[in-house]
Amino acid sequence: MTHARIALVTGANQGLGRALVEALAARMNPTDRILLTGRDPERVRAAATSVPRTGGRVEGRVLDVRDSGAIDALAADLGEVDIVFSNATARMSPDADPADEVDAVAETSNLATSRMLRAFAPRLRPGGRLIIVASALGTLDKLDARVRPRFAAAAASLDAVDGLVAEWRDAVHAHRAEQEGFGTWLNIPSKVAQVAAVRAVARERRAADLAEGKLIAALCPGLIDTDASRPWFADMSQAQTPAEAAAWPVELALGESFDPAFYGELVQFGAVIPWKTGLPVAHRATA
């Protein structure tokens with residue numbers, strides 16, 4: 001490695017995002033930059049200053065991923081990047097009306113995913129990693145059979161994914177989501193759409209990116225014990241701490257090589273989660 005590297009983590013004020021920054025900082029060089037980003041200036045400042053100064057240089061940067069102009073401006077300012085963890089998400093409650101939360105979820109998790117992919121995939125340096133933090137819920141089997149083909153087809157392009165997200169969002173607002181097969185739990189269509197977005201970009205870039213050692217993938221970090229997770233899972237005894245959950249994603253980001261089978265796929269603990277069949281996941285909500 002001959003140049004100073006640049007790593008970017010969104011949603012990094014707390015939880016997994018902050019743990020990813022800390023793990024990157026511990027393993028990167030003093031000349032490397034790790035951008036810790038979030039929406040709230042004070043929380044960004046507090047989080048950035050609290051990261052132990054053990055290696056890479058941590059910089060707090062305000063970034064609202066719901067603002068496409070802000071993402072484009074940051075991408076233009078950085079020019080090129082080596083590591084991107086797109087980790088920002090909107091918190092949901094089991095007791096809330098989905099219509100009250102769908103806008104925040106769609107903007108923060110879905111449209112932001114597309115924006116990050118559009119802005120930073122072309123700016124990845126050779127050997128770079130662009131990782132969308134998603135979930136094991138992001139596979140087609142988690143959907144009602146009525147909408148499964150629509151999500152599978154949407155993975156052909158980012159525009160198609162964004163269009164389907166808009167249809168889902170409208171159905172939730174009109175209280176037609178369950179009738180149309182989208183289900184009542186926002187997290188499932190949202191996570192499947194995130195993985196579909198990654199697959200859409202991979203269709204166009206796979207050969208060229210792999211030739212330069214670049215990885216674009218979705219990632220399931222596994223169950224993490226956080227305030228956002230606890231309302232959804234009855235048993236958290238096997239949950240990871242954020243620091244534990246950050247370990248293998250950072251290893252993937254910093255490793256000299258990766259399994260080409262990971263490219264464009266949803267990966268967990270070093271294995272691909274099949275897009276069509278997925279893995280069983282226990283949770284409180286229903287699809």
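## Salt bridges

Asp103, Glu107, Arg115 and Arg169 are joined in a network of salt bridges, a salt bridge being a side-chain nitrogen of Lys or Arg within 4 Å of a carboxyl oxygen of Asp or Glu. This is a predicted model, in which local features need pLDDT of at least 70 and side-chain atom pairs count only at pLDDT 80 or more, while totals for chains, interfaces and linings use all residues. Residues are numbered from 1 along each chain as its sequence is written, and side-chain values use heavy atoms, with hydrogens and water left out.

Asp103 is partly exposed, at a relative accessible area of 33%, whereas Arg169 is buried, at 17%; here buried means under 20% relative accessible area, exposed over 50%, and partly exposed in between, with a 1.4 Å probe and protein chains only.

The whole structure holds 22 salt bridges. One of them is formed by the side chains of Glu251 and Arg27 (2.7 Å, N to O); Glu251 lies in helix H9 (residues 242-254) and Arg27 in helix H1, so this pair ties together parts that are 224 residues apart in sequence. Glu251 is partly exposed, with a relative accessible area of 43%, and Arg27 is partly exposed with 44%. Another salt bridge joins Asp77 and Arg61, whose closest N and O atoms are 3.1 Å apart. Asp77 belongs to helix H3 (residues 68-78) and Arg61 to strand E3 (residues 57-62), so the pair ties together parts that are 16 residues apart in sequence.

## Nonpolar core

The largest nonpolar core has 98 residues, where such a core is a set of buried Ala, Val, Leu, Ile, Met, Phe, Trp, Tyr and Cys residues joined through side-chain atoms within 4.5 Å. Among the residues with the most contacts inside this core are Phe85, Trp168 and Ile216. With its neighbours within four places in sequence left aside, Ile216 is in contact (heavy atoms within 4.5 Å) with residues including Leu117, Leu130, Val201, Arg205, Asp209 and Phe262.

## Largest pocket

The largest pocket contains about 1,400 Å³ of space and is lined by 49 residues, of which Asn87, Thr89, Thr226, Ala228 and Ser229 lie nearest its centre. On a 1 Å grid over the protein atoms alone, a pocket is an open set of points where a 1.4 Å probe fits, with protein on both sides within 12 Å along at least five of seven lines, and lining residues have an atom within 4 Å of a point. The volume is the space filled by probe spheres set on the points, which are joined across faces, edges and corners.

Helix H1 (15-27), strand E2 (33-38), helix H4 (98-120) and helix H8 (187-211) are the elements that give two or more residues to this lining, and H1 gives the most, with three. The lining residues divide into 24 nonpolar, 17 polar and eight charged, with Ala, Val, Leu, Ile, Met, Phe, Trp, Tyr, Cys and Pro counted as nonpolar, Asp, Glu, Lys and Arg as charged, and the others, Gly among them, as polar.

## Positive phi

His175, although not a glycine, has a positive phi of about 60 degrees; His175 is placed in the loop between H6 and helix H7 (177-180) and is exposed, with a relative accessible area of 58%.

Notes:
Helices (H or I, at least four residues) and strands (E, at least two) are DSSP runs, numbered from the N terminus.
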